[in-house]
Amino acid sequence: MRRRTLGITAVSAAALGAAAACGSDDDSPSDDSTQSFSGELVIWADETRTPVLKEFVKNFEDSVGVKVTVEEHVESLREDFLTAAEQGQGPDIIVGAHDWSGQYAADGVIAPITLSADQQAALNEASVKAFTVDGNLYGVPYALENLGLIRNTDLAPEAPATFEELISAGEAAGTQEVLTMEVGVDGNAYSAYPLFASMGGYLFKDDGTGTLDPNDVGVDSEGGIAAFEKFAELGEAGVLKTTIDSSNTIPFFVDGKTAFMISGPWALTDVQGAGLNYEVTAIPGFEGEGPASPFLGVQGFYVSATAKNAVFAQEFVTNYVLTEDLQVSLAEAGGRLPALTTAAEVFSEGNEDVQGFAAAGENAVPMPNIPAMNAVWEPFGRAQADAVDGVSTGEEAATTAAQSIRDAVS
Amino acid sequence: MLDQRSRTAGSTTAAGLIVKIGVLAVVAALAVWAALPLIAAGAWWGLALEAAVVAVVFYVYLQRRAVQLKYLIPGTLLLIAFQILPVILTIGTSFSNYGDGHRVDKDQAINAIVAAGVQQTPGGTTYLLAVGESAAGELTLLLTDNADGSTWAGTEAGLTELEGATQDESGRITAAPDYTVWDFAELNERLSEVTELAVPTGEETGIKVQGLSAFEGVSTRSYDEACDCITDSATGTTWYADDETGTFVTDDGRAALVGWRVNIGADNYLAVITDPDIRGPFLGVFTWNIMFAAGSVLFTFAIGLGTAMALNRPGMRGTKVYRAFMILPYAMPSFAMLLVWAQMFNRDFGLVNDLFNLNVNWYGGTWSARAMVLIANTWLGWPYMFLISLGALQALPSDSLEAAKIDGATGVTAFRKITLPLLLIALTPLLISSFAFNFNNFNAIELLSGGNPFKAGDAVGGTDLLITYAFRQAFGSSSADYGFASAISVFIFLIVATISAVMFRFTRNQEDVYS
């Protein structure tokens, strides 16, 4: 899970700096040059979105008559914004992932956003849930991404309907690996989640409206234990390996060492670069079990709680961002499915990759944005790695992980 | 006499004088540049501090006495700015609850909690917003209904139908009789006045402004200064401020989403001491931490010295080529090298297992993982030892070695009794600093093993150092607790400082023996 790792690196870097930077709120010379302009809307985005946004804010500039500046923040965007906003500085709008919303909202650095019922209905339902914290919407979604099954059609012509079929097709292909799916020595809860969900496991109980109960942990529920036993079984069979990690998942697929890869839209650049014949389909569930629903990651726009141009910022995210044109353009730049349903239809027409990932994401659940999710990644991952390595049985792994998560949440 | 003093203390050459003026001018320019934001932010203490620093610098360099100070001032100022200040700030932070959920001040926390109580009335009307100001300066919301295009004027008395308004093509009101209609820029600047204006539409509902739109909604939460509490009328919840912990909590202990930053005294230190997750494995981690640092120094020094002696032999040929190759690991960025090493130790596809035909799960066992990090860290560190050993060897007095030879000392004895002790006098401080560096070698562990091996449920991994362990304890996956992390940093600082002090003392004794 590439994005989270980057996040951690950013946190590490920022943390080292922040320990030194905090406390100096009063006398640190401010380098925030945006203060001197009045009525200039400032947006922070990462390196892939910045160029596209720059192009598309012009319409907004013309219609509202405010200068819009898009500033690029590479890698450390999430932390940069926190550091700036807690001192009452920073941008009016930030473009980021939905799983930041729990942290941002609890830190009081983003403002809630009210969308009318019509506006919400026009958006992908899960994407709205993804940005909801404590019953309030905190971000306006624009793009969705999730894992899918990428298949080398020369090695395995047929899309597998069940995970068992996938294994036999992978073995029949005669390649070095049956499948590449990121596990790594620490395990990987993000890529493990589809299989976990297929066996009936859940992380936190959903009360039906998308609000998760951090005190109801389902890692060692019946389905959860069954899933970890599956991990142990697949580990023993050599389908899942802790030696497959972020550094070789994509290269092995590109080199034809496997017919199947479970990965996201970010992998396609390399796959296309290698000139492979491939197809993206849904990750198949186990036979007789539920669908393998991946985590849904949503990108969206947040309004800073300390925005100096709140009027323009709110106008931008509630009205301008929800236009079809903008969403399609952003999708074209990022290769992700737009959150606005009409834009998604326009964009995915004739684009098989997008349709494939959209099909894979049909049952996707938003990656939990509650702060308790932070307590899940590590124990879950380790338990998965232990089960795959055969160090502990599936049941042991699941119960230990669940216990660690409960200890950390309470 | 006077003449002589001016020659030794002042800048006598024209060039010297120009350099001095130039440097002082730069200082003055920097001071002005830094002062402007301080003035803008009203940070008067910061400004006073800055002025004091500049005054000291000018005083010291613009007069002829205090020659020692002229040498000491730049170093001292940099030491304060980059060493002492961060330590003080870290200690300061360690007494607070600063971290996720407690980043902002109390007012901002109240605002955030209250703002989260605004809900749109289901099926309520939405409007395009304009703001009109009457001649008396009273504000009125000029609203256009999105559904049917009707126009309304909203005041504290409520909504009244508005006649005779001019609208643009989107329907927004641009002019209305008796009102001066604001343009967008003015609306943006004076938003706070607009949000203060409560326009009721029902018993509890009112017009809420959002951007250039407005909607009918209800604000369920309010802050009451008298009880220092926030009440949510929709759910009946009341959160009371707890200034000790910086959170709003209900009577039954449920906390509101946003907290604020407060001083929590020695709680973080108590947490470090009493946390079973920290106290339990501390000794094990500490022992391995010493082993890792000592092992890294020992191996790098042994290999570095060995190769240096080999290259220092008089008859050795091609030394330049060898030297270039040996410095390579040092010349490459260690970040990238560590990641490459991590890959080389992959059980199934790694170079190490392939090359030696092994099937070791390097990350799986405690000792194999420890061996792995020591091997990689030795590879990264020995060129440094090689360089300093080579330099020190070349500087050894040849007469002592010759005397030893004449006295009949063989190679080994001469090395043990003469060369090594002489070398150590020069190199011990460097070995100690290398020890201190490796004691806190976060990158080597984090990038190579990440603390592995872990078992599910383990808080501490087999190769965790205090620093990597503390880092994970404090920051978990992505939520940060800077106060707690700072407390741990202070502990590590104390440990490293103690070890270094003891070692330097030991060295001084040793120097007394050999010199």
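This is a predicted model: local features need pLDDT of at least 70, side-chain atom pairs count only at pLDDT 80 or more; totals for chains, interfaces and linings use all residues.
**Chain B as a whole**

Begin by selecting chain B, in which there are 18 helices and 14 strands. If you colour chain B by burial, 31% of its 515 residues come out as buried. Of the contacts in chain B that link residues at least 6 apart in sequence, 60% are between residues at least 24 apart.

**Where chain B meets chain A**

Next, show both chains together and select the residues that touch across the two: 64 residues of chain B are in contact with 66 residues of chain A. On the chain B side, these residues divide into 33 nonpolar, 25 polar and 6 charged.

**A sheet in chain B**

Staying with chain B, select the open sheet whose 4 strands follow the order β11-β12-β13-β14, with antiparallel pairing. Which strands stand at the edges of this sheet? They are β11 (221–224) and β14 (247–249) of chain B, and because each has a single partner strand, one side of each is left without a neighbour in the sheet. From one strand to the next, the twist averages 25°.

Now look at β13 (residues 237–242) of chain B, which pairs with β14(B) in the antiparallel sense over 3 bridges; here B:Asp242 stands opposite B:Thr247 in β14(B).

**A mixed sheet in chain A**

Move to chain A and select another open sheet of 4 strands, this one in the order β8-β11-β7-β12 and with mixed pairing. Its edges are β8 (180–181) and β12 of chain A, each with a single partner strand, so one side of each has no neighbour in the sheet.

Strand β7(A) is joined by 4 bridges to β11 (residues 260–263) of chain A, and the two run antiparallel; in that pairing, A:Leu149 has A:Ile262 in β11(A) as its bridge partner. β7(A) also pairs with β12(A), again in the antiparallel sense and over 4 bridges, with A:Val280 in β12(A) as the bridge partner of A:Ile150. In a regular strand, side chains alternate between the two faces of the sheet. Show the side chains of β12(A) and compare its faces: A:Tyr278 and A:Val280 lie on the covered one, A:Glu279 and A:Thr281 on the uncovered one.

Select helix α15 (residues 352–360) of chain A, where A:Val354, A:Gly356, A:Phe357, A:Ala358 and A:Ala360 are buried. What do these buried residues pack against? Their partners in chain A are β6 (139–146), β7 (148–152), β12 (278–281), β14 (337–338) and α14 (341–348).

Finish with helix α9 (residues 222–236) of chain A, whose 15 residues should span 21 Å at 1.5 Å a residue, which agrees with the 21 Å between its end C-alpha atoms. The buried residues of α9(A) include A:Ile225, A:Phe228, A:Lys230, A:Phe231 and A:Leu234, and among the elements that cover its buried residues are α8 (189–198), α16 (377–389) and α17 (394–409) of chain A. After α9(A) comes A:Gly238, with a positive phi near 80°.

Key. Residues are numbered from 1 along each chain as its sequence is written. Chains are lettered from A and ligands numbered from 1 in the order in which they are written. A residue is buried if 20 or more other C-beta atoms lie within 10 Å of its own, exposed if 12 or fewer, and partly exposed in between; C-beta atoms are placed from the backbone. Two residues are in contact if their C-beta atoms, placed from the backbone, lie within 7 Å. Ala, Val, Leu, Ile, Met, Phe, Trp, Tyr, Cys and Pro count as nonpolar, Asp, Glu, Lys and Arg as charged, and the others, Gly among them, as polar. Two strands pair if DSSP finds at least two bridges between them. Axes are lines fitted to C-alpha atoms, for helices over the stretch in contact, and angles run from 0 to 180 degrees between N-to-C directions. The expected span of a helix is 1.5 Å times one less than its number of residues.
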